[in-house]
Every structure is written in structure tokens, then in C-alpha cells.
Amino acid sequence: MAAPQSYFDESHQLVRDSVRRFVEREIQPHIDDWEEAEEFPRELYLKAGAAGILGIGYPEQFGGSHEGDVFAKVVASEELMRSGSGGLVAGLGSLDIGLPPIVKWAKPAVRERVVPQVLAGEKIMALAVTEPSGGSDVANLRTRAVRDGDHYRINGSKTFITSGVRADYYTVAVRTGGEGFGGVSLLLVEKGTPGFSVGRKLKKMGWWASDTAELFFDDCKVPVENLIGVENAGFACIMANFQSERLSLAIMANMTAQLALEESLKWARERQAFGKPVGKFQVLKHRLAEMATQLEVSREFTYRQAAQMAAGRSVIKEISMAKNFATDIAARLTYDAVQIMGGMGYMRESLVERLYRDNRILSIGGGTREIMNEIIAKQMGL
């Protein structure tokens, strides 16, 4: 995959090479077993932390590197996706949706205690926003936190939380004020806090290697110092966080499509029918050409939005477009890859079977396709 010179430099290539070697050494030999087991070893967080992978994009003072370098994060995400497991990438990378609010807005004492542990892989971080009553309607979440002296008491529940079973720290969205977005806050909740419990590990269509859980808060008592940012100003923090998450999901979608295309090309060159490789037949040849074209357009548009974000520009509309377009293309290419490989594409031993399943969540997580269209329309003045 050729990278445009305008987006990537030598330092990014070094990151790419380092992460690719890590994936080849520590993940690919085991990923099929981890998928079937529906989890990967906790030790992998420590290994990824020691290799500097978890710290990419975070401040050096906490053990990070390449702070603010969007494309260092892009290449790391792309290479982790070469594991062929969206679930592993989501689980290992759950810090990237849970930790940024801590880095940006938590109190110094909390930040200095939590962030280095997570970047080192010693502790696992999760984000808890989605509730059983609704995922997309963040402004009307129901989990309530009431101030009680120098603590908050939390009551409510969360669901579909990535890394929810084994996380140590949770960035939790709660209602501290009135109705609507103006009453939402963020609190750091630590595993083992009285009144906080983790429910069953949820079974999923895809992303098998990631743990996904329900969380319950029953008069859970959290210190006031664990408030992230300003009380009742959490909605803006959540929305800011979503922009990076949507870029990550677009990258995942493009890499899912890339792997599906690569598997299809390999099959087209090796599979024989009627005395010649199936890739020599015009119907399949043209389908592969169209798949490659669609992927290139999606990837270039996503990179463009990453560049805009790196320059500090707002891309609320465009990153929503990129996420929708990338997930649409990934859906199309994974479907085509299974179709091209026929019966083998339907077998569990085939990578495209997993890609097809894993891809389905990408147009739902981080804001559904419909919510993205609402955002785009609003940005257009509709």
C-alpha cells in the first residue's frame, strides 16, 4: 500500500515498521486461537506498552510519544489492523476513547496517577457512555450522579462497553444536572469501587477477541476529585472525543477493505477454473478494479480529514462523511470478497469471513450512520 508523501514522513515509516514487526511477532501467530477463545491475554497490553505502541499520540511526560501527531496514530492503527482482528484492535485500543478526556481535563493528581499506568499497559482503560435505554441519544443519558459532600453517588447502568469486563479505569458519562446536554458530566470510576459492578460478558456477531460488558452503579461513591473537566460540561468533552474516534473507525474500515481486497487478489491469482486463474475472467477482473478504485477514494478522503485535524481545523461534517463512506466501502468490499471466494469465503478458516462479521459494527459504533447523516445535514444548515 503506497502512502502519499504529503501525509507521511520518515518518522511515520519507522512507527509503521515497528508496529508491523510487533504484530507479526506477538499477534499473528496466536490471533486465530484468541478469536475462538473470545479474548486475548492481558499480557499483550504490557507488551504493547513496553513497545511504545499504547503511548503513540500521548504526552512524553506520561510515557507517550509523537504527541499530537495524527499520522503516527494512523499508521499504528493501520498496522494493528493487519492482525486481521477488529476485536483485538478495539480491545487493545480502548484507551484511545477512554483516556483522552483524562489527559485533557482531569485534575493533575488524577492525571499523573492514571495516565502513565495505562500507557505502560499496566492498567486498562474503557469509556462508558452507551446505556440500555439508547446509545445515540447521548444528551439524554439517564445514569445519575448526585453530589454528596466530597463525593458523587452514581446510580444507573451502561452497556456495550468495550474492555468493560477487565478494565481498571472507566471514563463514565453521568447526569449531574438537568435534562439535555447541559446536565452531563464525566467521572473517573475505578474497578473495585463499592457500588460498582461488572455484568456478564456479552456475546457478539463480530469483534470476538474484545470483551464487551454491562456495567452497574448502585449508590457507587466516587470522590469529587474524579470529576473530569467542569461539572455539567461533559457533553462537549464527549463530542470532542468522538471526532478522533470517528477517524479511527474510518481507518479501521479502510484497512478492513484493504485486507479484503488483498485476500481477493490472492484468490484471483491462485484459484483455477476452466484451465486458467479466475482473475483472468473479465467479470472478476473488473470487479477487483472497482474494489481497488473505491478503496483508494475512501482512503484518500480519510487521510485528507486526518490532515485537516492535524492542522487544527474543525472537520465535524467531513469526518462524519469519511466514516460513513469508509464503512460503506468496507461493507461492499467484504461482501464482494466473500462472494469472490465462494464457499471458502464462508468458512471460519477464511480471513474474509471474519472481516465480513467484524465490519458490521463499524457503521454503528462511534455514532451510527444515521447520526452521521444528521450531523452532516446540520452542518449544511438543514
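Select T171 first: leaving aside residues up to four places away in sequence, T171 touches G98, P101, I102, M125, A126, L127, A128, L186, L187 and I228 (contact means heavy atoms within 4.5 Å). T171 sits in strand β4, residues 169-175, and is buried at a relative accessible area of 0% (buried means under 20%, with a 1.4 Å probe and protein chains only). Strands are DSSP runs of E, at least two residues, and helices are runs of H or I, at least four, numbered from the N terminus.

The model is predicted: local features need pLDDT of at least 70, side-chain atom pairs count only at pLDDT 80 or more, and totals for chains, interfaces and linings use all residues. Residues are numbered from 1 along each chain as its sequence is written, and side-chain values use heavy atoms, without hydrogens and water.

Next, select Q28, R82, S83, G84 and L351, which lie nearest the centre of the second largest pocket among its 15 lining residues. A pocket is an open set of points on a 1 Å grid over the protein atoms alone, where a 1.4 Å probe fits, with protein on both sides within 12 Å along at least five of seven lines; lining residues have an atom within 4 Å of a point.

Now show α1 (10-27), α2 (31-37) and α12 (351-359), each of which supplies at least two lining residues. The largest share, 3 residues, is from α1.

Finally, colour domain 1 (10-123) and domain 3 (235-380): both contribute to this lining, so the second largest pocket lies between them (domain bounds come from an automatic or database domain assignment).

Conventions. Buried < 20%, exposed > 50% of the residue type's maximum accessible area, 1.4 Å probe, protein only.
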